[in-house]
Amino acid sequence: MTRVDGKHEDRRARLAERRQQIVDQARATAEAEGWAAVTTRRLADAIGYTQPVLYGHFPGGKTEVMSAVALQGFAELASSCRAATDGHGGRGAVEAVARAYLDFAAHHPALYEAMFRLPIEAHFAVEGNEAELRAGFDALAVAVHGDGTTTELFWSVLHGLGELERSGRLRPEHRAERISEVGARFAPAP
């Protein structure tokens, strides 16, 4: 590697680190105060850079930052769902993934909001979409051994349950029964 290549690598590493700082700060601010509190000025001040530097990393401003946070969330959700299926098969895998998904939604409200409610371009079951979106979709597909439609239905049920749980509209004491019912309905045929 030449000295010039090393400088380029160092510069790329610094840019990636700064970009991650912006994403981390946006996520921390949103978790503490909500997405309305996340502004480009506030992010720039929090990481010690100017707004033009922030826009250099995220030309789309706050919307692009929220998209980056959401993609990070999809990667984390996929990881949680994949880990949940370890040692499980059939209905047990479906129920484990349902629990992991619902726990994720409950424990990361601002992140979940970025993933599903904020105005970002996120299309799950389409060719050429971001790897993080594909990974999230694929993690659910593995649990239900599903084609696109079955996986979309499974995701829709989990999302609906997550939203209703988070808003307090479902009885918490019946969560295990709901998860069992999801397992019964989506378990792959033997």
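Q: Let's start in helix 5: where do E95 and R91 sit relative to each other?
A: Both are in helix 5, which covers residues 90–107, and they are 4 residues apart, about one turn of the helix. Keep in mind that this is a predicted model.

Q: OK, and what do their side chains do?
A: The side chains of E95 and R91 meet in a salt bridge, 2.8 Å from N to O.

Q: Are those two buried or exposed?
A: A bit of each. E95 has 16% relative accessibility, and buried means under 20%, so E95 counts as buried. R91 comes out at 38%, which counts as partly exposed.

Q: How many salt bridges are there by this rule?
A: The count comes to 10. One of them joins E76 and R27, at 2.6 Å from N to O.

Q: Which helices do E76 and R27 belong to?
A: E76 lies in helix 4 (residues 61–85) and R27 in helix 1, so this pair ties together parts that are 49 residues apart in sequence.

Q: And how accessible is each one?
A: R27 is buried, with a relative accessible area of 16%. E76 is partly exposed, at 28%.

Q: Switching topic: how is the chain divided up?
A: Into domain 1, residues 1–59, and domain 2, residues 63–190. Their C-alpha centres lie 28 Å apart.

Q: How many residues are in contact between the two domains?
A: 14 residues of domain 1 are in contact with 14 residues of domain 2. Between them the domains bury about 1100 Å², with 63% of that on carbon and sulfur atoms.

Q: Which residues of domain 1 lose the most area there?
A: That would be R27, E31 and W35, which together make up 59% of what the domain 1 side buries.

Q: One last thing: which residues are linked in a network of salt bridges?
A: D103, E165, R175 and R178. Within it, the side chains of E165 and R175 meet at 3.2 Å, N to O. That pair links distant parts of the chain, with E165 in helix 8 (residues 148–166) and R175 in helix 9 (residues 175–186), 10 residues apart.

Conventions. Residues are numbered from 1 along each chain as its sequence is written. This is a predicted model: local features need pLDDT of at least 70, side-chain atom pairs count only at pLDDT 80 or more; totals for chains, interfaces and linings use all residues. Side-chain values use heavy atoms; hydrogens and water are left out. Domain bounds come from an automatic or database domain assignment. Contact means heavy atoms within 4.5 Å. Buried area is the accessible area (1.4 Å probe) that two parts lose on being put together, summed over both. A salt bridge is a side-chain nitrogen of Lys or Arg within 4 Å of a carboxyl oxygen of Asp or Glu. Helices (H or I, at least four residues) and strands (E, at least two) are DSSP runs, numbered from the N terminus. Buried means under 20% relative accessible area, exposed over 50%, partly exposed in between (1.4 Å probe, protein chains only).
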